[in-house]
Amino acid sequence: MLTLLIFLPMLAVPVILFLPAKAHKTIRWTTVFFTAIQLALTIYLLTIYNTKTADFQFVEKYSWIPAFNVEYYLGVDGLGILMVLLTPLICFVGIFASWGISKGVKGYFILYMILNTGMMGVFCALDFFLFYVFWEVTLLPMYFLIGIWGGPRKEYAAIKFFLYTLFGSVLMLLVMLALYFSVTPHTFSIPELIKVSSTFKGTSWFLAFIGLYIAFAIKVPAFPFHTWLPDAHTEAPTAISVILAGILLKMGVYGIIRISLPILPDAAHSFALIMALIGVINIVYGALCTMAQKDLKRMIAYSSISHMGFCLLGISVVCWLGVSADSAIPALTGAVLQMFNHGCIAGMLFLIAGVIYDRAHHRDINGFGGLASRMPLYAGMTTFAFFASMGLPGLSGFISEILVFMGGFNVFTTITIISVSGVVLTAGYFLWAMQRMFLGPLNEKYKDLPDINGREMFTLVPLGLIVLFLGVYPMPAINLISESIKNLVTLVK
């Protein structure tokens, strides 16, 4: 089942290759067809997922390179199930946001489907070697999608993204080899490495933890490794920005909770306070930088840096030595929920930025004004997405943030109080942006601007409904992850 989910997008690649280069509509609908099946299968997987156990489910395990004990080992538990759902959902929505791509359509969608396969593989892999392979598979498609189909500074943004990620990958490779050669028999199996985690103690394994942390922190992105993100987001096409914010950033957080914490818990304890400090820097510094932005897309990119800080803060609570389950479980639940909720909300925000750019051909927030009277539907959807990102009660962002605060308050009281200021700053920059874009007299330059169309609404509404549903009733998502959260808390303690 998981193999089918991972490689289904790859089945579209030979089909697209044999289609005429000018058959743009057929190419687009081919990718829609394969991604829709992948999404339907994921929803089916969700319906048969057993929420009563923390064990890996839908496991597939085959010997891949027996000489080196490398396995094709897949499985999913509560830590990854939401991301397995989010990946095809965001990719499906992203195809419709890519409808305007007219240059190199065949190449664009082939790379798009390879990227989909790589991301899905990361969230299903239980062999570190396989995890690393899928991680690398995402690198080249993203590099080309930004570098070829991006904005005016696309080459600079693509190279910066590539170099940062490659540096992190080299560190991950070194730690992976260190883990492999330190156990007998040698193995890359993540569950097997977790079983012997008590042997990974001392300075050398603390350094290994830092190496892994940097590899994943670049993807999060955590301060000070965040500088590639605003450039990549600003220059990337709309759909690729949606995928970057919705899925790719989450791979970093997922790597920390899937690999770093359970395999190197001793080092995680020593690193807890540092991670909490980095989390609060991400939240507050990211929010202050967001406030200074004039480009709508760049503003949303910096807000993502701020929001990913909540994930780091939640994880740091679990790492704190001697933390009680009453603090650790809500904090980690909030961090994992934040991965999914931010994926949906950030996806909406970047889609909204793409809508206005397609019409006005710029994203300068100060250059608009009074758009609410001309584009009421667009103004309504933007307001909804902004409110969701602020963490307004009744919308999903609130649930994940409040759980992180509940878990963090007893462990990192001062840091948590400072982090709460990020919520106020977030409200400040979003309300200020709304005022400049939608209120006041209509800028005559945009008196004929068409409102949001049906295709664009089709991309926004599903994400909006999920944000609203989980904001009012988050239990379905919490039930999916709760057993695995408890299991991870026990492993790290």
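Phe34 has a relative accessible area of 13%, so Phe34 counts as buried (buried means under 20% relative accessible area, exposed over 50%, and partly exposed in between, using a 1.4 Å probe and protein chains only). The model is a predicted one, in which local features need pLDDT of at least 70 and side-chain atom pairs count only at pLDDT 80 or more, while totals for chains, interfaces and linings use all residues. Residues are numbered from 1 along each chain as its sequence is written, and side-chain values use heavy atoms, with hydrogens and water left out.

Phe34 sits in helix H2 (residues 24-48); helices here are DSSP runs of H or I with at least four residues, strands are runs of E with at least two, and both are numbered from the N terminus. Setting aside residues up to four places away in sequence, Phe34 touches Leu8, Leu11, Ala12, Val15 and Met113, where contact means heavy atoms within 4.5 Å. Phe92 is 58 residues from Phe34 along the chain, and the C-alpha atoms of the two are separated by 9.2 Å.

Another buried residue is Ser260, at 1% relative accessibility. Ser260 belongs to helix H11 (residues 238-263). Apart from neighbours within four places in sequence, Ser260 is in contact with Phe209, Leu212, Phe216, Gly255 and Pro265.

Now to the charged pairs. Side chains of opposite charge can pair when their charged atoms come close. Eight salt bridges turn up in the structure, a salt bridge being a side-chain nitrogen of Lys or Arg within 4 Å of a carboxyl oxygen of Asp or Glu. One of them joins Arg153 to Asp231, with 3.7 Å between the closest N and O atoms. That pair links distant parts of the chain, 78 residues apart: Arg153 is in the loop between helix H6 (139-149) and helix H7 (154-182), and Asp231 is in helix H10 (residues 228-235). Arg153 is partly exposed, at 42% relative accessible area, whereas Asp231 is buried at 7%.

Asp231 also meets the side chain of Lys160 in a salt bridge, at 2.8 Å from N to O. Lys160 is in helix H7 and Asp231 in helix H10, so this pair ties together parts that are 71 residues apart in sequence. Both Lys160 and Asp231 are buried. Arg153, Lys160, Asp231 and Arg298 are linked in a network of salt bridges.

Lys195 and Glu192 make a further salt bridge, with the closest N and O atoms 3.4 Å apart. The two are three residues apart in helix H8 (residues 190-195), so about one helical turn separates them. Lys195 is exposed at 63% relative accessibility, and Glu192 is partly exposed at 34%.

On a 1 Å grid over the protein atoms alone, a cavity is a set of points where a 1.4 Å probe fits but cannot get out, and lining residues have an atom within 4 Å of a point. The largest cavity holds about 50 Å³ of space, the volume being the space filled by probe spheres set on the points, with grid points joined across faces, edges and corners. Its lining consists of His307, Gln338, Asn341, His342, Ile345, Ala388, Ser389, Gly397 and Glu401. Helix H14 (325-360), helix H16 (376-390) and helix H17 (396-409) each supply at least two residues of this lining, and H14 gives the largest share, four residues. By class, the lining of the largest cavity has two nonpolar, six polar and one charged residues (Ala, Val, Leu, Ile, Met, Phe, Trp, Tyr, Cys and Pro count as nonpolar, Asp, Glu, Lys and Arg as charged, and the others, Gly among them, as polar).

Note on methods:
1 Å grid on protein atoms, 1.4 Å probe; cavity = no way out; pocket = protein on both sides within 12 Å on 5 of 7 lines; lining within 4 Å.
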